[in-house]
Amino acid sequence: MTFLNAQSRLNRSVLKHLSNASVKIDGIDHLAIFKRPFQVIHVGLGVADSRPSITVDASIVPNAPEGVPLSIDGVSYVVAEPQPGDTGMTVLFLEYA
Amino acid sequence: MATVFSVITDAFEAALLAAPAVVPAEAIFRARERAVPGAMNQAVNIQWALGDPEPGAIHGAPVDWKTTVVVECYACSTNESGERAVDPLLERVYERLAADTTLGGLVDDVGVPRLAAEFGAEGKKTGWVQMTYLVMHQTSNLKLSS
């Protein structure tokens with residue numbers, strides 16, 4: 001088994017066990033680890049907000065993900081900032097749409 | 001008895017609250033110390049920032065002041081940039097305060113504000129504009145009341 005195959009199998013297993021959301025991209029549902037921690041936007045005194053993101057299998061991420069619409073549990077978002085890594089998983093920071 | 005600085009800040013607040021208020025009353029803050037709540041798509045914060053007396057007043061004579069009052073405009077949006085989101089609020093606040101530059105005769109002039117802006121985004125896009133007013137007014141020499 002090649003390293004990439006092992007990595008892919010491990011990532012599928014991680015998503016299967018740790019995913020807490022289903023993300024719909026181009027009409028297709030995918031497993032995702034969804035987080036939305038409290039965050040302050042640092043303008044003036046600051047404005048309370050949250051920082052939604054999903055961690056997904058890199059193979060499902062479109063080629064130019066910035067601005068791509070997606071839906072999580074019925075809530076619409078767009079991809080604001082993709083953060084690809086070399087682990088076969090990609091973090092997509094989101095904005096409400 | 002309140003100082004003239006507090007009274008002037010009150011007058012700024014009252015002008016922005018006068019019907020129709022520039023934003024709902026619960027979204028107008030006075031010297032707020034914490035982040036603006038995320039549930040508010042628009043908010044205003046008003047605070048006194050500096051009192052600068054003209055030097056050389058003769059003992060007992062009135063003192064001329066240049067007092068800095070800061071008005072901050074906040075706006076969040078999910079469908080437009082922070083810059084565009086805050087623009088209508090900036091316009092409303094500016095026009096409201098320009099409509100009576102003496103604050104009902106309380107001061108000589110609030111002047112035209114200096115503007116600074118910042119923008120940011122997390123889940124929502126946010127715009128912030130700081131309006132710095134240099135207010136000309138007087139006090140008697142021995143008191144800070146108007």
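**Conventions**

I number residues from 1 along each chain as its sequence is written, and chains are lettered from A and ligands numbered from 1 in the order in which they are written. Because the model is predicted, local features need pLDDT of at least 70 and side-chain atom pairs count only at pLDDT 80 or more, while totals for chains, interfaces and linings use all residues.

**Entry 1: chain A overall**

I looked up the elements first; helices (H or I, at least four residues) and strands (E, at least two) are DSSP runs, numbered from the N terminus. Chain A has 1 helix and 8 strands. Their order from the N terminus is α-β-β-β-β-β-β-β-β. Along the principal axes, the C-alpha atoms of chain A fill a box of roughly 55 × 25 × 25 Å.

For burial I used C-beta atoms placed from the backbone: a residue is buried if 20 or more other C-beta atoms lie within 10 Å of its own, exposed if 12 or fewer, and partly exposed in between. By that count, 21% of the 97 residues of chain A are buried. Two residues are in contact if their C-beta atoms, placed from the backbone, lie within 7 Å. Of the contacts in chain A between residues at least 6 apart in sequence, 39% join residues at least 24 apart.

**Entry 2: the helix of chain A**

I checked the length of α1(A), residues 3-18. The expected span is 1.5 Å times one less than the number of residues. For the 16 residues of α1(A) this gives 22 Å, and the end C-alpha atoms are 22 Å apart, so the two agree. I then looked for buried residues in α1(A) and found 0 among its 16, so by the definition of burial this helix is hardly covered.

**Entry 3: chain B overall**

Chain B has 2 helices and 5 strands, in the pattern α-β-β-β-α-β-β along the sequence. Its C-alpha atoms fill a box of roughly 60 × 30 × 25 Å along the principal axes. Buried residues account for 36% of its 146 residues. Among contacts in chain B between residues at least 6 apart in sequence, 62% join residues at least 24 apart.

**Entry 4: the sheet of chain B**

In what order do the 5 strands of the open sheet lie? I read β1-β2-β3-β5-β4 (chain B), with mixed pairing. The edge strands are β1 and β4 (114-121) of chain B, each pairing on one side only. The twist averages 20° from one strand to the next; axes are lines fitted to C-alpha atoms, for helices over the stretch in contact, and angles run from 0 to 180 degrees between N-to-C directions.

Strands pair if DSSP finds at least two bridges between them. I went through three of the pairings.

- β1(B) (residues 28-30) and β2(B) (residues 42-53) are parallel over 3 bridges. Phe29(B) stands opposite Asn45(B) in β2(B), and Arg30(B) has Ile46(B) as its bridge partner.
- β2(B) and β3(B) (residues 63-77) are antiparallel over 11 bridges. Gly51(B) has Thr67(B) of β3(B) as its bridge partner.
- β4(B) and β5(B) are antiparallel over 8 bridges and form a hairpin with 3 residues between them. The bridge partner of Gly120(B) is Thr126(B) in β5(B).

I looked up what α2(B), residues 82-98, lies across: β2, β3, β4 and β5 of chain B, at about 25° to β5(B).

A nonpolar core is a set of buried Ala, Val, Leu, Ile, Met, Phe, Trp, Tyr and Cys residues joined through C-beta atoms within 7 Å. The largest one has 50 residues, and Ile8(B), Val44(B), Val71(B), Cys73(B) and Val93(B) touch the most other members. β3(B) gives the largest share of this core, 7 residues.

I listed the contacts of Val44(B), leaving aside neighbours within four places in sequence; among them are Leu16(B), Ile28(B), Phe29(B), Val71(B), Cys73(B) and Val93(B).

**Entry 5: where the chains meet**

How many residues of chain A are in contact with chain B? I find 18, against 22 residues of chain B. On the chain A side, β3 (38-41), β4 (47-50) and β8 (89-96) each supply at least two residues. The largest share, 4 residues, comes from β4(A).

By class, this side has 10 nonpolar, 5 polar and 3 charged residues. Here Ala, Val, Leu, Ile, Met, Phe, Trp, Tyr, Cys and Pro count as nonpolar, Asp, Glu, Lys and Arg as charged, and the others, Gly among them, as polar.
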